[in-house]
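Hi everyone, thanks for making time. I'd like to walk you through one model, so please have a look at the screen.

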Amino acid sequence: MKTPRSSEPQSDDQDGAFVPTPAASHRFPRLAVAVTALALALALTGCGGTATSPGSSAPAPAAAPDRVEPLAATPQPALPVTVPSADGAQVTVTSADRVIPLTGSLNEIVHTLGLGGRVVARDITATFEQAAALPVVTRGHDVSAESVLSLRPTLVLAETTTGPAEAIQQIRDAGIPVLVVAPAKGLDDVPKRIDTVSAALGVKEAGAQLNQRTADRIAALRENVPAARGKQPRVAFLYLRGTASVYLLGGSDSGAASLLEAAGAVDTGKESGLGKDFTPITSEALAAAAPDAILVMSKGLESVGGVDGLVKIPGVAQTPAGMDRRVLTIDDGVLLNYGPRTDQVLASLITQLYGKGA
């Protein structure tokens, strides 16, 4: 089964060790500093989700805008460069004047590097504010080669999952450099993807700065995760698309395990031995997982009618998470991107798991 990535369109066509306590900020002061330092970034970028408290009916809607945080200085590309593509090709880039990233994650990286002014289009999954006004060059998830070529790009960025293959080949046949980037599945992929994109744009130094910024923020959060000192919360990642009757439980290849483990949690799907990316939800699988909390994408939760609808899915209400209505939400467009905003996603998960004073 193909993994539903966070870059899918945001529509339906996309032991109380972790219970907050008043003394939490005193028990974990360094984490409190780290989370507080990221609070402004979360407010500016809209990455934070909302956790439902036991007994509540639905999460409050996030009010913060969905924005990326570019580097302070705008880099100047040093071109030409020749870089390896994930599909085995060697790609020579002579100009970064007109860039088209064909996934939301890649678009986010280009903008955060400070080169958003050079981006001339987006795919349907690039929903953050700085890219929202750009023309869309995909029909659903399929790339329209004609739409891409009409915008005269000097560089196209794609992923191995971008398609159809015929459209990518058509763009290449027109003489446009197309760099294919390997998809991300965990925290270790963040610096790799930033390095790949920054090298292709001729801004390696900016890439190094962005990697350092992201790594420092992630390290500050991971250093004092409260769960390291107590019982680890058990979290099940569910992928939901209610109007299509799609209800899936994430396994070891879902992409969420790395984030949950960094937040001090246990990914119950991975622990249960679900080796695939996603499997249909069953009451038996959920009972075996016995999650303390459930992680969902915000649009997915919306598609089933919020928490009230979620607990009606067979087996959910019988889990500790369902009984406590303990649900964590992250925006679809950032949860599994593994890029410049991953530190903010992790900050949101930690806040939702342990409370704002953690």
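Let's start with D253, which is partly exposed because its relative accessible area is 36%; buried here means under 20%, exposed over 50%, and partly exposed in between, with a 1.4 Å probe and protein chains only. This is a predicted model, so local features need pLDDT of at least 70 and side-chain atom pairs count only at pLDDT 80 or more, while totals for chains, interfaces and linings use all residues. Residues are numbered from 1 along each chain as its sequence is written, and side-chain values use heavy atoms, with hydrogens and water left out.

Back to D253: you'll find D253 in the loop between β9 (246-250) and α8 (257-262). Helices (H or I, at least four residues) and strands (E, at least two) are DSSP runs, numbered from the N terminus. G269 sits 16 residues from D253 along the chain, and their C-alpha atoms are 9.5 Å apart.

Zooming out, the protein chain has 14 helices and 13 strands. Of its 358 residues, 56% count as buried.

Now, the rings. How many aromatic pairs does the structure hold? Two. Rings of Phe, Tyr and Trp (its six-membered ring) pair if their centres lie within 6.5 Å; planes under 30 degrees apart are stacked, over 60 edge-to-face, and the rest tilted. F237 and F278 make an edge-to-face pair, at 5.6 Å centre to centre and 65° between the planes. That pair links distant parts of the chain, with F237 in strand β8 (residues 234-241) and F278 in strand β11 (residues 278-280), 41 residues apart. F237 and F278 are both buried.

Then there's Y239 with F278: the ring centres are 5.9 Å apart and the planes are at 65°, so this pair is edge-to-face. Here too distant parts of the chain are linked, Y239 in β8 and F278 in β11, 39 residues apart. Why does Y239 count as buried? Because its relative accessible area is 6%. For F278 the figure is 0%. Put together, ring pairs join F237, Y239 and F278 into a cluster.

Last stop, helix α7. Its buried residues are A206, G207, L210, N211, R213, T214, R217, I218 and L221. These cover an arc of only 160° around the axis, so they lie on the same side of α7; the arc is that of the directions from the helix axis to the C-beta atoms. On the other side of α7, K204 and E205 are exposed.
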